Amino acid sequence: MSTTDRHPGNFTGHRPGSRRLLVAGAGIASLTLAVALKRTHGPALDVTVCDPGLEAGAARHRGRAYAVAAGPRRMFEQLDLWPRIQPAAEPMRRLVISDSRVGDPVRPVFLTFGDGTEARRDTGAEGEPFAHMVEAEPMVSALLDAAREVGVRLTAAGVRAAVPGPRASRVSLSDGSTEEVALVVAADGARSALREAAGIGWVGWSYPQSGIVATIQHARDHEGRAFEHFLPSGPFAILPLKAGGALGHRSSIVWTERSADVPALLGGDAAETLAEIERRFGAELGRIALEHGPSAHPLHLGIARSFRAPRLALLGDAAHVIHPLAGQGLNLGLAGAAALAEAVTGALRLGLDPGADAVLRDYEQSRRFDSVAMAAATDGLNRLFSNDSLTLRLTRDLGLGLVDRMPGLKRFFIGQASALRGETPRLLRGEAL
């Protein structure tokens, strides 16, 4: 079956705009939203996902991996997506945090999160991991297959314009077709053209850092452990992946480095690049080799001044971009997908317009505080740890040590990492819409 389903010309003969939604962007959060809505409402709701990148399929996501927290994993289970994703998922059962310089012979461990009592209390199941590492390519492939099966329309076209009206938005696509839909979901990335066209402001800044990602093979088993080494230039994370490769075991690294230093660090040959990674990777997992990457990406923080405009809802990076040090960017987007699916479903079941301002306001109110709080938290942590100040090192290491000795605080942080704290959408609790 082809990646896309093409529908030339106007969509005449289909349901009126009040029962039609269009999602611009085929990322993980937006595909999850499309599957959730179509699985819940079936033929009563038309859902279209538009993205020029659909021509390349899931391959365009190769080399990336994400931490899927316990809450989003329960959403995947509820939507019958987890059996498709689980073969590519590696449980993250322990997180070890250290604070040192690159050349330090010893890396003192100041904080550990494990699958002991404190984790079980917060995730709600005996021995349940607080997250799973999943490579992006198989996850997107599973979502695309599920979208086709439930009847989501997939088209490899971009959205040129979306003009809202009293009853529907008229959407013009790059393939020349037009649609009338009740709601447009802008999931078209941090530089969202739909957000800009709607006049929604953006508050944020660029960090003097880049995120370097790569897939590493190693000789020893990681045993489900993730490592976060806080270095003066930024955190260096080693995240467990499914076994495989010539050395038998694999991990993903997310390496934050000063942007000015990236050309020197990655500009040499493969052996020189691997040597730089080895200096930071450490010897605990034995011999290492590069499987994929590295690639560097400038880091930014940003949040939209509003998550909505007339008949438009922002989702994922179009609404918020955060520092990757906590690995929560995808989970924030998936929480938004769960909240938007719940708001739209509530409106449809009451016979209301799913693109009405009151519906979108409910969605925004349910997600804006958590999004701003997570952005502020990751920004603050990055500023606290990405430096070589002796005073700050002593302060933060004392703080990490205190958290490690206080089970109540550890349970709080595990709950945050699991996306199971506070008021959460039904899907994140594993409940049907």
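Predicted model: local features only at pLDDT ≥ 70, side-chain atom pairs only at ≥ 80, totals over all residues.
Colleague: At roughly what angle do the axes of helix 1 and helix 9 cross, and within what distance do the axes come?
Modeller: The axes of helix 1 (residues 28-41) and helix 9 cross at roughly 25 degrees and come within 9 Å. That makes helix 1 roughly parallel to helix 9. Angles under 35 degrees count as roughly parallel, over 145 as roughly antiparallel, 65 to 115 as roughly perpendicular and the rest as oblique. The axes are lines fitted to C-alpha atoms, for helices over the stretch in contact, and angles run from 0 to 180 degrees between N-to-C directions. Helices (H or I, at least four residues) and strands (E, at least two) are DSSP runs, numbered from the N terminus.

Colleague: Which residues make the contact?
Modeller: Helix 1 brings residues including I28, L33 and H41, and helix 9 brings residues including L330, V344 and R349. Contact means heavy atoms within 4.5 Å. By class, this contact of helix 1 with helix 9 has twelve nonpolar, five polar and one charged residues. Ala, Val, Leu, Ile, Met, Phe, Trp, Tyr, Cys and Pro count as nonpolar, Asp, Glu, Lys and Arg as charged, and the others, Gly among them, as polar.

Colleague: What about helix 2 and helix 9, how do their axes cross?
Modeller: Helix 2 (residues 70-78) and helix 9 (residues 329-349) have axes that come within 9 Å and cross at roughly 45 degrees. The two are therefore oblique to each other, and their crossing is left-handed. P72, M75 and F76 in helix 2 meet N331, L334 and A338 in helix 9. That contact has five nonpolar, one polar and no charged residues.

Colleague: How many residues of helix 2 are buried?
Modeller: Seven of the nine are, so helix 2 is largely enclosed by the rest of the structure. They are A70, G71, P72, R73, R74, M75 and F76. Buried means under 20% relative accessible area, exposed over 50%, and partly exposed in between (1.4 Å probe, protein chains only). In the protein as a whole, 54% of the 433 residues count as buried.

Colleague: What follows helix 2?
Modeller: D80 does, with a positive phi near 60 degrees. D80 lies in the loop between helix 2 and helix 3 (82-85), and at 43% relative accessibility D80 counts as partly exposed.

Colleague: New topic: where does S177 lie?
Modeller: S177 is in the loop between strand 10 (169-173) and strand 11 (178-181). S177 is buried, with a relative accessible area of 1%.

Colleague: And which residues does a cis peptide bond join?
Modeller: G293 and P294, with omega about 5 degrees. P294 is in strand 17 (residues 288-304).

Key. Residues numbered from 1 in each chain as written. Heavy atoms only, no water. Left-handed = near helix turned anticlockwise from the far one by under 90°.
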